[in-house]
Amino acid sequence: MSPTPGPPLWLLAELTYRCPLHCVFCYNPVDFAQQAGELGTEDWLRVLRQGRELGAVQCGLSGGEPLLRDDLELIVAEAHRLGYYTNLLTSGVGLTEERAAALKAAGLDHVQLSFQDSTREMNDFLSHTRTFGLKQRVAKILKANGWPMVMNVVIHRLNIDHVDRIIGMAAELGAEYLELANTQYYSWAFVNRDQLLPTHEQLRRAERVTDAWRIRLGDRMRLFFVAPDYHEGRAKRCVNGWGSMFLTVAPDGTALPCHTARMLPGPAFPNVREQALRDIWFDSEGFNRYRGTGWMKEPCASCEQREADLGGCRCQAYLLAGDAAAADPVCSKSPHHAGVQAAVEKAGGAVEHPLVFRDPANSRRLGAAGGGRVE
Amino acid sequence: MNALSMATRPRVGAGFRLQWEPVQDCHVLLYPEGMVRLNGSAGEIMKRCDGRRSLAAIVEELERAFSAQGLAPDVRAFVELAAKQRWLAWDDER
């Protein structure tokens, strides 16, 4: 028997899949447009109470764009009252002074401003036009409310060569933290992988640039560079271990061990409309499926790294090896690792098909085609 | 922020939240997307750092609560360490 798991310290409430943006690297499921309706306010308040009783302390409010929920203030207020540290993950679109003041009054602790990016928006940003203006307004609002300025930019081949200017802009906006997160290749990013995967050389250059800025900025701004696992030959522990501390609730109430796990084959994951969070966390098949190491096959089962990386990411194993219980193919010991290397080697070459933007029409098309898994 | 003195009134730093967690059986300090678990003595010190009590008063209270003597150097060392991590902050005394 495996030991009783600890509490789900992190509760991620994905309040909606609606979003004004169409990011080509979005991690929301590619078939989001086909999914059932959103939970109501009362459902979310119940989920928050049940999560807190289980011992959850961090509450992430994300989406889609969570500001599209007009009950966001109510949800934040209840989360705060219950004792969660409340984190809003937003693009800033729709964050007016009035709304920010209401969220502050409700007890919102922290805002992470993500950088929406399509090629056009990136150009806007780099050329100081519309997007930069929006971020400047939002930065001012954050400071006025005493929130730290925490920015997140998803990095990929189309913007990685601009890392120098991205960091410069963030410094100019007064960001205190900047996370340069390389794209993780699931969902929409997986569909667009051929366009988004950077080359080894691009990556090395971006790391050098980031290191130089770190020295220049000192304590003024902290820079985090999240390396892409495709290039490293090593699997990363996913959400710190399946069902070990992380619990996502999707807009329709599906409870997931990580925000992309719904793509996996097998029985459906439990829903908070039908089951209490405690039963879901401790007893559901879905949350126990890849807990610990008992489910592993070779090469993971006898690997000395198995407790450290827990076999890597189940979604990546499913996407790239066609088997959710296989070793994560980014690991050099995986029999499917050659496919990952080939994708990286191919990066930078010509791509025939166009980028697929995250929008409801593309979602319905991809959903009908089987959810975006590519052989 | 001036150097720490016995008159300093430390409080939990901006952006941090201190609370008792029954499930974890300890005080925790929460910050954006993270958490620090505090050991018993760190929790006892930090929960008294409310911006009203002076360091002298905190030491006195702890010595009374735990029937101990001479805690000032340890408490002071912890408060200084916590300030470096920005867990604690204080206004300068006039």
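Me: Which residues in H2(A) meet H3(A)?

Reply: In this predicted model, Leu72(A), Glu73(A), Val76(A), Ala77(A) and His80(A) of H2(A) meet Arg99(A), Ala102(A), Leu103(A) and Ala106(A) of H3(A). Contact here means heavy atoms within 4.5 Å. The residues of this contact comprise 6 nonpolar, 1 polar and 2 charged; Ala, Val, Leu, Ile, Met, Phe, Trp, Tyr, Cys and Pro count as nonpolar, Asp, Glu, Lys and Arg as charged, and the others, Gly among them, as polar.

Me: At what angle do the axes of H2(A) and H3(A) cross?

Reply: The axes of H2 (residues 72-82) and H3 (residues 97-106) of chain A cross at roughly 25° and come within 8 Å. H2(A) is therefore roughly parallel to H3(A) (angles under 35 degrees count as roughly parallel, over 145 as roughly antiparallel, 65 to 115 as roughly perpendicular and the rest as oblique). Axes are lines fitted to C-alpha atoms, for helices over the stretch in contact, with angles from 0 to 180 degrees between N-to-C directions. Helices (H or I, at least four residues) and strands (E, at least two) are DSSP runs numbered from the N terminus.

Me: And how do H1(A) and H2(A) pack?

Reply: H1(A), residues 41-54, packs against H2(A) at about 20°, with the axes 10 Å apart. The contact involves, among others, Trp44(A), Leu45(A) and Leu48(A) of H1(A) and Leu74(A), Ile75(A) and Leu82(A) of H2(A). Its residues divide into 7 nonpolar, 1 polar and 3 charged.

Me: Turning to chain B, what is the strand order in the sheet?

Reply: The order is E2-E3-E4 in an open sheet of 3 strands, with antiparallel pairing. Strands pair if DSSP finds at least two bridges between them. The edge strands of chain B are E2 (17-21) and E4 (34-37), each pairing on one side only.

Me: Over how many bridges do E3(B) and E4(B) pair?

Reply: E3(B), residues 26-31, pairs with E4(B) over 4 bridges in the antiparallel sense. Leu29(B) stands opposite Val36(B) in E4(B).

Me: What is the mean pLDDT of chain B?

Reply: The mean is 93, and 98% of the residues of chain B reach 70 or more; pLDDT is the predictor's confidence in each residue, from 0 to 100. The model scores ipTM 0.87 and pTM 0.91.

Me: What conventions apply?

Reply: Residues are numbered from 1 along each chain as its sequence is written, while chains are lettered from A and ligands numbered from 1 in the order in which they are written. Local features need pLDDT of at least 70, side-chain atom pairs count only at pLDDT 80 or more, and totals for chains, interfaces and linings use all residues, while side-chain values use heavy atoms, leaving out hydrogens and water.
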